[in-house]
Amino acid sequence: MPQNDGVRFTSSSLKMPLNPPKPSPFNFPFGSQIAKTRNSLAQLVDSVRTRSEFKQFDFSRFWNRLAESTHSAFPSRDRRSSLLCSASLSLTRSAESAQSEDKQYERLLFVPKSALLCSASLALTRAADESASSSSSQKGLNPGRSDEERVLISEVLVRNKDGEELERKDLEMEALQALKASRDNSALTVREVQEDVHRIIYSGYFQSCIPVAMDTRDGIRLVFQVEPNQEFQGLVCDGANVLPAKFLEDAFRDGYGKVINLRRLDEAITSINKWYAERGFFALVSDVEILSGGILRLQVSEAEVNNISIRFLDRKTGEPTTGKTKPETILRQLTTKKGQVYSILQAKRDVDTVLTMGIMEDVSIIPQPAGDTGKVDMVMNVVERPNGGFSAGGGISSGITSGPLSGLIGSFAYSHRNVLGRSQKLNISLERGQIDSIFRINYTDPWIEGDDKRTSRTIMVQNSRTPGTLVHGDQPAGSSLTIGRVTAGIEFSQPIRPKWSGTSGLFFQHAGVYDEKGDPVIKDHFSSPLTASGKIHDNMLLAKFESVYTGSGDHGSSMFAVSMEQGLPVLSEWLSFNRVNARARKGVEIGPARLLLSLSGGHVVGNFPPHEAFAIGGTNSVRGYEEGDVGSGRSYAVGCGEISFPMLGPVEGVCFADYGTDLGSGPTVLGDPAGARLKPGSGYGYGFGIRVDSPLGPLRLEYAFNDKHAKRFHFGVGHRN
């Protein structure tokens, strides 16, 4: 193929030996030497069009001579006539493709096509001893005759280039089957013979075809002298660094030991280019050569990444500017590295990864030619978001079910999402409701410097007051209990494998129960203990481990999470217990509707405060019941099935059914708070509702019935836990 001396590719080689071991005829050991080839980088993004170009020749004079000879007496019936035409095959690249390479590269479009082009040419040659007689015989011919005049052919044969029978009859049959017009006892024109030559070449088994007319006793015999291709004995593939050896072996396996068919070769090359295209690689087969001994040599051109740079753009003007984020903070997020073969799909994943950092407003990647090196420079354009500021909002608390402002909470927060230009995040927030109160400070480093596992670190301090109605409800009129917790700890998280993440942490918690006046209490109205230690406060050091699987990330996709908390009794008065919790979710599309199934369960072993028991019932548990009214226990299981369907714009309808149980573990909780309040321990609910997409998340309004024939509205913000 035409080459550009200004472009170089450097790659290792894959070779198939001439004498491959059995049973598999292929072996692709990686060579240690470096093969350097010179090809145009534009070929990496150019779609090479497969075409067959055949030159037209004027055979009118010669065919007129043949036509005239059918009406005259021949001195010898064994005398051979002159050569009609010849055809040859070559592997080339179209000129049009070469001229458009630069324009194609500028668009950086990669359309997988085969790089193999077949062209055949026909040429008229005549034997030297017949030149004179040909000239004299043509003097008497009608000048008005053309190549459309027909000549009677008595016999059509296929022979080798020396005029002898082919050793392989299957190849002779392939050539005969390719003929369309040329048949015994047929009248042919020059054009028809020319087209049959093309058909033999196009069959792919022959590298040349020469039609020869012979005068015989029975008439004119038309012989197609063909030269078959070599038998395929091995493959040498240079430059294929990312292409699997097994894929190459499978692509050429069927042709081993058989005559090379250029059409099948073209299909194999197309499959290789398709493999690259499906994975977004800037690569294709740029050259094909048939060597002596039946060895095929493929040259693959793969565009490696030469350099990766970050360019910050102004949010308003779009012009280059100075960014606040350190470039290395962005670069370490990329899976594309220098020296790798550039992949469009991998670049797209890198764009998504940078966007998930939360500090960029827009991200794009532009690959550019790296001078004349045959490589690609990757430029990432980024537009930074404002670093942070103050915000205010509101929400719903599930722990308060009565009162004129039941469950309403307000929030005020300050956040900085790019501390020190390293994408580290600081959040200080305060949430305040009718009873709820949470003050929280979080400092997160999404990727610890120097760590190659993408480990993140979060340091957290929190002081919270939450209603105790989930477990300790039904207090006398005018009285209520509040759970107070002061928590501090550190947590580490990292991706384990695709779609799986793992989290571990260590937390200290100081917890107690307070009445409506804010005074600490150790027993409720039913004389049930409120702390596990019997003191005003319980202290515990918790080691936490969690693993989460997420499908596509959409709420309707598959999800599985399992967590474990272990209380470490470093001091004798600190609590020791083990708590395991698991959640699973599966979504199934049923036409325009979606079926969502979810299941959760857990168990606690050891000494733990009653307010840490699993509470069952409510908006995010069993609908149709108030919060925690089904039961509270050491163990629990809750299942839910719901079908959602679109209604109008952002509004969708939903039908649901829930079931929950404490698995008979309610009495094992310290003080049996569920039994004292006559909670059933199990129950189900069902109903219908609507959901509306909003900036705060889905707004849920649901109407449910339970197995006690009670009816209840539920309102929530966000998806169910």
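A residue counts as buried here if its relative accessible area is under 20%, as exposed if that area is over 50%, and as partly exposed in between, using a 1.4 Å probe and protein chains only. Before we set off, note that this is a predicted model, in which local features need pLDDT of at least 70 and side-chain atom pairs count only at pLDDT 80 or more, while totals for chains, interfaces and linings use all residues. Residues are numbered from 1 along each chain as its sequence is written, and side-chain values use heavy atoms, with hydrogens and water left out.

Let's start with the whole chain. Of its 721 residues, 46% count as buried. The chain holds 12 helices and 36 strands; these are DSSP runs numbered from the N terminus, with helices being H or I over at least four residues and strands being E over at least two. A contact means heavy atoms within 4.5 Å. Among the contacts in the chain with a separation of 6 or more, 64% come from residues 24 or more positions apart.

Our next stop is Asn229, in the loop between β11 (219-228) and β12 (234-238). With a relative accessible area of 9%, Asn229 is buried. Leaving aside residues up to four places away in sequence, Asn229 touches Gly204, Tyr205, Phe206, Gln207, Val259, Ile260 and Leu262. The side chain of Asn229 also reaches the backbone oxygen of Ile260 at 2.8 Å. That is a polar contact, meaning a pair of N or O atoms within 3.5 Å; within protein, one must be able to donate a hydrogen and the other to accept it, and residues adjacent in sequence count only if both atoms are side-chain atoms.

Leu262 leads us on to helix α8 (residues 262-278). Its N-terminal end is capped by Asn261, which has a side-chain oxygen 2.8 Å from the backbone nitrogen of Arg263. The expected span of a helix is 1.5 Å times one less than its number of residues. The buried residues of α8 are Leu262, Leu265, Asp266, Ala268, Ile269, Ile272, Asn273, Trp275 and Tyr276. An α-helix has 3.6 residues a turn, so residues three or four places apart point the same way. After α8 comes Gly280, with a positive phi near 75 degrees.

Now for the aromatic rings. Rings of Phe, Tyr and Trp (its six-membered ring) pair if their centres lie within 6.5 Å; planes under 30 degrees apart count as stacked, over 60 as edge-to-face and the rest as tilted. A search of the whole structure finds 17 aromatic pairs. Tyr276 and Phe281 form an edge-to-face pair, because their ring centres are 6.2 Å apart and their planes stand at 85 degrees. Both partners are buried: Tyr276 has a relative accessible area of 0%, and Phe281 has one of 14%. Phe577 and Phe608 make a tilted pair, at 6.4 Å centre to centre and 55 degrees between the planes. This pair links distant parts of the chain, 31 residues apart, with Phe577 in strand β28 (residues 577-590) and Phe608 in the loop between β29 (593-606) and β30 (614-616). Phe577 is buried at a relative accessible area of 1%, and Phe608 is buried at 3%.

Two strands pair if DSSP finds at least two bridges between them. Strand β34 (residues 682-692) pairs with β35 in the antiparallel sense over eight bridges, with Gly687 bridged to Ala704. These two strands form a hairpin with six residues between them, and Gly697 in the turn has a positive phi of about 115 degrees. On to β36 (residues 711-717), which runs antiparallel to β35 and is joined to it by seven bridges; here Phe705 has Lys711 as its bridge partner. This hairpin has four residues between its strands, and His709 in the turn has a positive phi of about 65 degrees.

In a regular strand the side chains alternate between the two faces of the sheet. Strand β35 (residues 699-706) has Arg700, Glu702, Ala704 and Asn706 on its covered face, and Leu699, Leu701, Tyr703 and Phe705 on its uncovered one. Tyr703 and Phe705 also belong to a cluster in which ring pairs link them with Tyr686, Phe688 and Phe713.
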